Amino acid sequence: MPELPEVEALVAFLRERLVGRVVARVDVASIAVLKTYEPPVTSLAGLTITDVARHGKFLDVDVDGLHLVMHLARAGWLRWRDSLPPGVLKPGKNPISLRVHLDGGSGFDLTEAGTQKKQAVYVVRDVMEVPGIARLGPDPLSPSFDEDAFNALLDAHARSQIKGLLRDQSVIAGIGNAYSDEVLHVAKISPFALAGKLDAETRLRLFNAIGDTLRGAVEHSAGLPASELKDGKRAGMRVHGRTGEKCPECGDVVREVSFADSSLQYCATCQTGGKPLADRRLSRLLK
């Protein structure tokens with residue numbers, strides 16, 4: 001799933017290409033992707049794009065005061081095309097869920113692979129009408145997200161495991177499965193450590209790891225074409241998606257804990273005192 005750094009890079013990529021352009025029309029190939037009906041998606045036609053922004057993992061295209069908001073979901077992506085086919089996109093088994101035509105013939109497609117269709121598109125007058133945006137926690141790259149604010153979040157969720165807490169969009173916006181693995185590896189913390197059990201030194205290390213990891217990933221993604229952002233994300237990972245490879249910090253093997261629909265990666269030497277985690281839900285350290 002695209003997370004904060006990739007969505008931030010998409011915002012910069014799209015802002016350069018969209019601002020000042022007029023929407024010619026929007027084709028919806030999957031009616032399930034459209035989560036709002038008033039105002040209708042057809043109301044975007046003829047309006048000018050004035051800005052592109054990010055809210056957590058949500059993309060927000062401001063079209064003369066109407067907002068085309070997109071959540072790409074786990075298997076989704078946005079593909080820019082300098083020249084779109086002029087015909088109307090028809091519903092079917094095509095991976096394209098929505099297509100935005102611009103004046104001049106260029107535009108972009110939203111695509112989603114796999115069978116679990118969770119991509120979501122909204123057309124709203126106020127972004128706070130999107131439930132997922134309304135409940136977002138603070139953005140970790142915001143100047144207001146300081147050490148005091150972070151400690152307050154940890155105190156409020158003292159019984160939560162830190163991996164799940166980092167992924168909870170209502171607590172911190174924009175971090176998902178991949179970057180939570182990366183942050184915890186940099187901070188040298190077990191994914192199953194309890195927030196309330198972290199001492200002051202560990203809290204500071206985690207706070208710095210969040211900022212350093214995300215800013216580094218944003219810088220890594222900056223300037224990459226949209227088509228290369230996914231591969232760029234994979235290339236920049238230290239432990240996530242690298243089960244069986246050597247930890248770049250200590251040389252130990254990167255291990256995995258699998259769940260029903262996801263997995264996490266970690267280094268036992270760096271993060272759990274050398275003790276492997278049991279590979280089951282609600283994992284505990286093996287004795």
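The buried residues of helix α5 are Asn177, Ala178, Tyr179, Ser180, Asp181, Glu182, Val183, Leu184, His185 and Ala187. With 10 of its 11 residues buried, α5 is largely enclosed by the rest of the structure. The model described here is predicted.

**Helix α5 and its surroundings**

- The cover over the buried residues of α5 includes α1, α4 (162-167), α6, α7 (229-235), β10 (263-267) and α8 (268-271).
- Helix α5 spans residues 177-187 and helix α6 spans residues 200-221; their axes come within 8 Å and cross at roughly 130°. That angle makes α5 oblique to α6.
- The crossing of these two helices, α5 and α6, is right-handed.
- On the α5 side, the contact is made by Tyr179, Glu182, Val183, Leu184, Val186 and Ala187. On the α6 side, Arg205, Leu206, Ala209, Ile210, Thr213, Leu214 and Ala217 take part.

- The axes of α1 and α6 come within 8 Å, with a crossing of roughly 40°. This makes α1 oblique to α6.
- The crossing of α1 and α6 is right-handed.
- Leu4, Pro5, Glu6, Glu8 and Ala9 of α1 meet Leu214, Ala217, Val218 and Ser221 of α6.

**Nonpolar cores**

- The largest nonpolar core has 34 residues, and Leu18, Leu44 and Leu68 have the most contacts inside it. Helix α1 (residues 4-18) supplies the largest share of this core, 7 residues.
- Beyond its neighbours within four places in sequence, Leu18 is in contact with Ile49, Val52, Val61, Trp80, Leu102 and Phe108.
- A second, separate core has 27 residues, among them Leu154, Ile175, Ala178 and Ile210.
- Ala178 is also one of the buried residues of α5, and Ile210 is one of the α6 residues in the contact with α5.

- Strands β2 and β3 (residues 58-63) pair in the antiparallel sense over 6 bridges. Within this pair, Val52 has Val61 in β3 as its bridge partner. Val52 and Val61 are both in contact with Leu18.
- Strands β3 and β4 run antiparallel and are joined by 6 bridges. Leu59 stands opposite Met70 in β4.
- The hairpin of β3 and β4 has 2 residues between the strands, and Asp64 in this hairpin takes a positive phi near 50°.
- Strands β4 and β8 are also antiparallel, joined by 5 bridges. His71 has Ala120 in β8 as its bridge partner.

**Strand β4**

- Strand β4 (residues 66-71) is mostly covered, with 6 of its 6 residues buried.
- Both faces of β4 are covered: Leu66, Leu68 and Met70 are buried on one side, and His67, Val69 and His71 are buried on the other.
- Leu68 is one of the residues with the most contacts inside the largest nonpolar core.

How values were computed: Residues are numbered from 1 along each chain as its sequence is written. This is a predicted model: local features need pLDDT of at least 70, side-chain atom pairs count only at pLDDT 80 or more; totals for chains, interfaces and linings use all residues. Side-chain values use heavy atoms; hydrogens and water are left out. A nonpolar core is a set of buried Ala, Val, Leu, Ile, Met, Phe, Trp, Tyr and Cys residues joined through side-chain atoms within 4.5 Å. Buried means under 20% relative accessible area, exposed over 50%, partly exposed in between (1.4 Å probe, protein chains only). Helices (H or I, at least four residues) and strands (E, at least two) are DSSP runs, numbered from the N terminus. Contact means heavy atoms within 4.5 Å. Two strands pair if DSSP finds at least two bridges between them. Axes are lines fitted to C-alpha atoms, for helices over the stretch in contact, and angles run from 0 to 180 degrees between N-to-C directions. Angles under 35 degrees count as roughly parallel, over 145 as roughly antiparallel, 65 to 115 as roughly perpendicular and the rest as oblique. A crossing is left-handed if the near helix is turned anticlockwise from the far one by less than a right angle, and right-handed if clockwise.
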